[in-house]
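Reader: I would like a close look at a single part of this model, the place where the two chains meet. Please take it slowly and define the terms as they come up.

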Amino acid sequence: MKYHQVLVVGGGLAGMRAAVACNRRNIKVGLLSKIHPVRSHSTSAQGGINAAMNNHVRGKHDDVMRHAFDTIKGSDYLADQDAVVKFTADAPHRIIEMENWGVPFSRNEEGKIAQRPFGGAGFPRTCYAADRTGMYLIQTLWEQVCKYTEASMREEMVIYDEWVCLKIIVEKNKAVGVVAWNLAEGKLEIFKADAIIMGTGGIGRIYSNTSNALTNTGMGMALAYWAGVPLKDMEFVQFHPTTLKGNNCLMTEGCRGEGGYLLNDKGERFLANYPDSSVAMEIAPRDIVSRNITREVMAGRGINGQDYVYLDLRHLGAEKIMTRLPGIRDLAMNFVGVDPITQPVPIQPGHHYTMGGIDVNENAATPVEGLYAAGECACVSVHGANRLGGNSLLETIVFGAIAGESAVKYIEDGGKTGDVSKTLEKGKKEVEDKILSIFESKGDEDPSLIREELQKVMAEKVGVFRNEKDLKAAHTKVQELRDRYKKIKIMNTSGLKFNQDLMWNMELEGDLDIAETIVAGALNRKESRGSQSRTDFPVRDDKNWLHHSTFTYTPKGAKLGKKKVTLGYFKPKERTY
Amino acid sequence: MSKEVTFKVFRFDPEKDKKPYFQKYAFEPRQGMTILDGLFHIQRKIDGSIAFRSSCREGVCGSCAMHIGGKYRLACETQIKGLGKNITIRPLAHVPIIKDLVVDMKPFWNKYKSVKPYLMPGDPDPASHERIQSEDERKKIDVLIDCILCGACTSSCSVTATNEDYLGPAALMKANRFIRDTRDNATDERLRLVATENGAYRCHTIFSCQYVCPKDLNPQASIQEIQELGVKRILKEKE
């Protein structure tokens, strides 16, 4: 059995930031990640990170309340306004801290951090480092972790990479430890901790058309869900307007922020034809642009009548593309053989982000004592029904730090896990039994087909536009897949050492249960708000639906509930751009 | 004519197998399939026992560098089409094998850590504002910051092959990224770590690092720069 005062699960930006926060306060921390931290999906974030820094010539009048307003309006008024104000007020400080630690931000003419326009923002507010902001942030945070572990003489900070968390153990509504799987050694191990912080990221791989990394399965959120923590607002799934046709790699919103056009088959900038995007055009928020691209495609005005349109960057010129969007150019050339300097890039909306997640408050605390969550796996909620571009990187470092600080405070105030060895051993035994039952399964269900069918039904029926008929069919299908999962037969039953067949297929159970919450939530919410666009309930209905949805695990599926939205600063208004 | 391709995949579990072997997997690739897609096809449809790393599938996370069809490449960025009917896939070299294509990257990370791979500004963080850096100063670290730490260069290096203490191209380029960063103020300290016998001066200018780098970076140029700075530092001390 291993013990750390704080155990962080997930090694992306939120997890590493939380671990650093603990370390800086002399709390012994372990960081558990199923992949090496620099391989985390935070690396794929491109366009930037928002803060009212006033560094852009057109951003001199920006301030934290304007950032808060844009975030709340972008959320279609479902965000908790006190949390958003805390979030935007903390933003400049957190970004400066990352710069001070070494992030190679692009610079403006004064040598300050450069900022660019992004969707739904009243000012150019998105700090960037070319189009690899996430990669530079994660490498810098990893560098800091290296610095701290180098200085760590008594295991103040220990990194467990390629350890898969399989279970969170809760006793009397208090998180006490986890069971994790050391892939390289093929062994299960118990971790006892006084506090646990989840930073496991998004769940995109339940969709076939996602921009997310292969590692973004439903498992992270499911671990908390299975441990009795409610999830929140799961129906709100963001579709990014510009993912590369085919493999759905992200083409940053920065492409449009820098002045890129979206064109239909006739070569028109079609966003002008829709009232909700006719003014902001390409820098309208993601939910609106994704819907209007989808409408064009449905009207037969996709390129050659197919399911994609063009992102045209040619007029930006070679120099701007090479200096500000070099990664985009690489991706387009590698995966579709198109050079954005000379040709338009074929793009289509694709799954990108989950606004919902583990229910936490503005201190990153879940309803379970000693359990915290930050980053995409958490739902504070600062994104409400639709997240603005540039706010997710910000969420990782702001709420990652807050989660770390909250865990530290909890421990300093006396929070401790007592002698719970029986509960921990029981938890480990349950995991062992589960693995044994998969190894010895007499079933004949091929898990790879279950995964493919799940990804397909989510993309086809729980996408940009939704309706009751499709959602009901999707729900039936997901429940059928959950039943079939009980009878899966995997190929590799020879042990635990790097048994990825077992790993992916244990994560598949998380995919299925998380998918079920998304469909149930979408079906339940009879209105259109932010990313949830119901063709059968096309308007926002503040009278009946201005509240969060909650999801509590039961073996049959999620039990749904409601939670109040905190207003107070800005009154809900109609949302146009 | 059959559209099938055959992946000849390196297999080895040091705890179970006496020695490594190659296993062949034949399948019909779909349009646009990458090597990584192919490996997943094998793992999910043919043989669940093979092991390989992956994450972003878009060439930015550095997980899936391996030796594919005669060259170190990222599996996720490499199209099956164009590599012929028989494609041999091996793990990164000069590091211990954990299982199949999964290698123990500890030697790589230890070298990385040994160059103090973090900003050392030498003064307290200003905290209230960023360290000012002009656009031209920032340009000095362009490209050097794009290394994804995949390990392809270090594996391809013939010097690494014969001298396990050689720091290797990735760690040396990381050191140069900080040496060139105008916000860093620890060049002397770093040069003591990297302008050494088993650091920059161990390079034999074979250029394989530059040849294989999936991000088209040039670690060799950084190594040369460190060599030059190291000599200058010694001459200065002698003055």
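Which residue of chain B forms a salt bridge with Arg132(A), and how far apart are the closest N and O atoms?

Author: The partner of Arg132(A) is Asp146(B), and the closest N and O atoms of this salt bridge are 3.1 Å apart, a salt bridge being a side-chain nitrogen of Lys or Arg within 4 Å of a carboxyl oxygen of Asp or Glu. This is a predicted model, in which local features need pLDDT of at least 70 and side-chain atom pairs count only at pLDDT 80 or more, while totals for chains, interfaces and linings use all residues. Residues are numbered from 1 along each chain as its sequence is written, chains are lettered from A and ligands numbered from 1 in the order in which they are written, and side-chain values use heavy atoms, with hydrogens and water left out.

Across the interface of chain B and chain A the rule finds eight salt bridges, and it also finds 44 residue pairs in polar contact, both residues at pLDDT 80 or more. A polar contact here is a pair of N or O atoms within 3.5 Å; within protein, one must be able to donate a hydrogen and the other to accept it, and residues adjacent in sequence count only if both atoms are side-chain atoms.

The elements of chain B that give two or more residues to the side touching chain A are α1 (35–46), β6 (97–99), α2 (106–114), α3 (135–139) and α6 (168–180), where helices (H or I, at least four residues) and strands (E, at least two) are DSSP runs numbered from the N terminus. The largest share, six residues, comes from α1(B). By class, this side of chain B has 29 nonpolar, 13 polar and 22 charged residues; Ala, Val, Leu, Ile, Met, Phe, Trp, Tyr, Cys and Pro count as nonpolar, Asp, Glu, Lys and Arg as charged, and the others, Gly among them, as polar.

Taken as a whole, the interface brings 64 residues of chain B into contact with 64 residues of chain A, contact meaning heavy atoms within 4.5 Å. The two chains bury about 5100 Å² between them, 47% of it on carbon and sulfur atoms, buried area being the accessible area (1.4 Å probe) that two parts lose on being put together, summed over both.

Chain B itself is divided into domain 1 (5–103) and domain 2 (106–238), with bounds that come from an automatic or database domain assignment. Between these domains of chain B the area buried is about 1100 Å², of which carbon and sulfur atoms give 63%.
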